[in-house]
Amino acid sequence: MDTALGVASVYLGYRTFLSEARRMMNESNRLLAKYQQSMSLPELERAVTVAEQAVEAASNPAEQVMTRYSLVNAIGVRYQASGNIIDLALSINHLKKALEVCPANNPVRTTIIYLISAIYYKRFHVTPNVEDLNNAIHYIRLFAKAHPAVSPEQITAAIGLAIFVRERYELQRERTDLDEAIEHHQEVLQLYPPNHPSRIRPIRALALHGQEPSDLQEAIKYQEDALQLRRSGHPERLNSLNNIASMLRVRFEQESRLDDLSEAIEYQKEATTLSCDGDPKRPNVLSNLALALLSRFQIQGAMEDVSEAVKLSEDALQFCPEGHSARVMVLSNLASALRLRFEGEGHLEDINKSIEYQEQCLRICPPDHIERPTILSALSLALLARFQKRGDESDLTAAMGHLEEGLKHYPETHSARPNLLNNSAIVYRVRANRTGSLSDLTIAIERLEEALRILPAIHTSRAKLLLTLSDTLQHHFRLTGATSDILTALAHARKALHLCPHGHSDRPLVLHTLSAALHARFNGEGDIHDINEAIDCQLEALKLSSSTHIGRPSLLNILATHLITRYQRVEDVADLTSSIAHLHEALKLCGEAPSENLEAAMELCGPGHPLRASTLTVLAALQVSYAENSQKVSTNDISEDARPPIISLLREASNATHSPIGARLQASRSWITLARGWDDTSLPEAYELMLDMLDVAVARARSLDARHRQFTSDRDVQGIQELVIDYVVILVEQGQLERAVETLE
């Protein structure tokens, strides 16, 4: 804008100004310069006021154009300081009035047109309204029409058109907009000579549009060369750091190479040291680093990355008061980081704050705001996380409501719809697990299938959608036992694995899901090849996950379960030994410190850890198998001195209230089965505890039909009715007829 003002002053000529208007403009400029030194807001306000007085004093068209230019400059500085969008509206209004009196043949006219376009585009990004974007496109087309010959202005127009119509494509999914954006970027590329540094921008854009990957490699190389020239202390080094980090993250999103993400994080960390508190770019610099750290957490599972992301986002929020253009972005990023920290550490304060911040974002963003669908999705995930912790139905209902709003407002052509469908499916699946509703699972499957139809075949999110669908079909299989469910689940998991070759950051997650599907089919059909492949997949997933990954205990637990399943089939002691080793590591990770022996590690396993029940249950099963193998006896004939530790493990697992109720029910079933065979005195205690849990589990189902389905199909309670009948017989034999009738009811 300063350059445009300078050009305008040459064409319009200061000497034609009345002395009063000229004096006021000089005074306003002096105050602006003083503000740049002192950063005193009263001086900035005084500069704007004096510039407004200069406009009022202007008495001819030339003076009106020049004074309005000066006023727009002062208002622009004020906007950078406050982020108040009213200043953008004022700037557009003054520039349009200047355009009305500027002669058609005056060269400064096209500069005014360009500035109007740029400010409309800026306002679109602050309070996204497609009408602002359409106006930006309209004015940049006028600017392009005024510069048909090869010139810097033609390049500027082509770049602007490419960016603006691409943004409109993201909103409206009109293929003509995407084609036009690509055409303009290619035009810019042709206007620059081969080694020109400004080729970086169109090359990067074409790579984002799905053009040749080599274009992105070229762009990264140019930025690396530029960074070498802009050494420490160079005024443009911060921009170079941001640019190269941005491109590396784009390549990471395309190719999922962790090295790219790690390198981007290092560049962004340096950028934060170069950005001072008064820098208007600082909120973005801090937020970009926070987002990169959260991306790395999703792969490596290190809680340190989440904690750092929370702190960075909190720091960024300090620079974004109410009304600031970046406040929604920063608030939403902070909320996401808090949700991830809650999922890792379980502090309700984090998830409550996350929901509060997302709700603030929702209040700021009207229905047509470009970020609203993203916020609706993020808020629903936060509510779902709190529901799974507290079990409050209102959270689940609110999550579903927000997602339904998003799906209602954003049609099939909208880029946000696949993510809304995916999150909606997850919420329906959670409710199905709670209520036993097949219809909820059917809706979840239908929504995931719709998302896959919408998403391009090469989209980077396709693998994760396939995984969610595979997992949902496995849930459906557990309720229905339909072979077609598990076959389709396996097919989708294998497709996802094909999309995530060796080196892909999502490969461990894909292997884990494929392993679960293979294990489920083995349980149904008994093909030894399935359990062998399931173990191989789980071993590879474990190898690819870092030793500090938050999900590593779960991987170890499941691998131990697979190994004991195979041991029960082929009786290879090596499987039993490996299971104990993996559980040993899992227990150490759940506790506070490493231990040299299994018993000490078990004691260190935190009582509040959600995996405690399943870990202890598997450990009890391992001890049973180990005793059978070492003593060469059946389960019922295990020596009496070996029984109490096993019963103790299952008692503790059944009482692990922070674990899912399904895992606790499985522990109580194992306890009852062993206690009956051993004629152990703990049997009544085990029965009573199981019945208490059963009341809670079945009460979740909303209908008698759903409750019946849980008893007959749900693995959490499957087979328990037989144990209940057995207990009733025992009560009758003991003369406790009233309790027997109550139990049957």
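Start by selecting E45: at 39% relative accessibility, this residue counts as partly exposed. The model you have open is a predicted one. E45 belongs to helix α3, which covers residues 41-57.

Next, turn to the aromatic rings. How many aromatic pairs does a search of the whole structure find? The search gives 3. One of the pairs is made by Y120 and Y139, so select these two residues. Their rings are stacked, with 6.0 Å centre to centre and 20 degrees between the planes. Show the helices as well: Y120 sits in helix α6 (residues 108-126) and Y139 in helix α7 (residues 130-145), so the pair ties together parts that are 19 residues apart in sequence.

Stay with these two residues and look at their surroundings. Are they buried or exposed? Y120 counts as buried because its relative accessibility is 5%, under the 20% cut-off. Y139 counts as buried too, at 13% relative accessibility.

Finally, colour the chain by pLDDT. The mean over the chain is 80, and 81% of the residues reach 70 or more. Select residues 1-18, where the pLDDT is below 50. Beyond near neighbours in sequence, this stretch has 36 contacts in the model. Then select residues 710-718, where pLDDT also stays under 50. For residues 710-718 the model has 31 contacts beyond four places in sequence. Where pLDDT is low, the predicted coordinates should not be read in detail.

Conventions
Residues are numbered from 1 along each chain as its sequence is written. This is a predicted model: local features need pLDDT of at least 70, side-chain atom pairs count only at pLDDT 80 or more; totals for chains, interfaces and linings use all residues. Side-chain values use heavy atoms; hydrogens and water are left out. pLDDT is the predictor's confidence in each residue, from 0 to 100. Contact means heavy atoms within 4.5 Å. Helices (H or I, at least four residues) and strands (E, at least two) are DSSP runs, numbered from the N terminus. Buried means under 20% relative accessible area, exposed over 50%, partly exposed in between (1.4 Å probe, protein chains only). Rings of Phe, Tyr and Trp (its six-membered ring) pair if their centres lie within 6.5 Å; planes under 30 degrees apart count as stacked, over 60 as edge-to-face and the rest as tilted.
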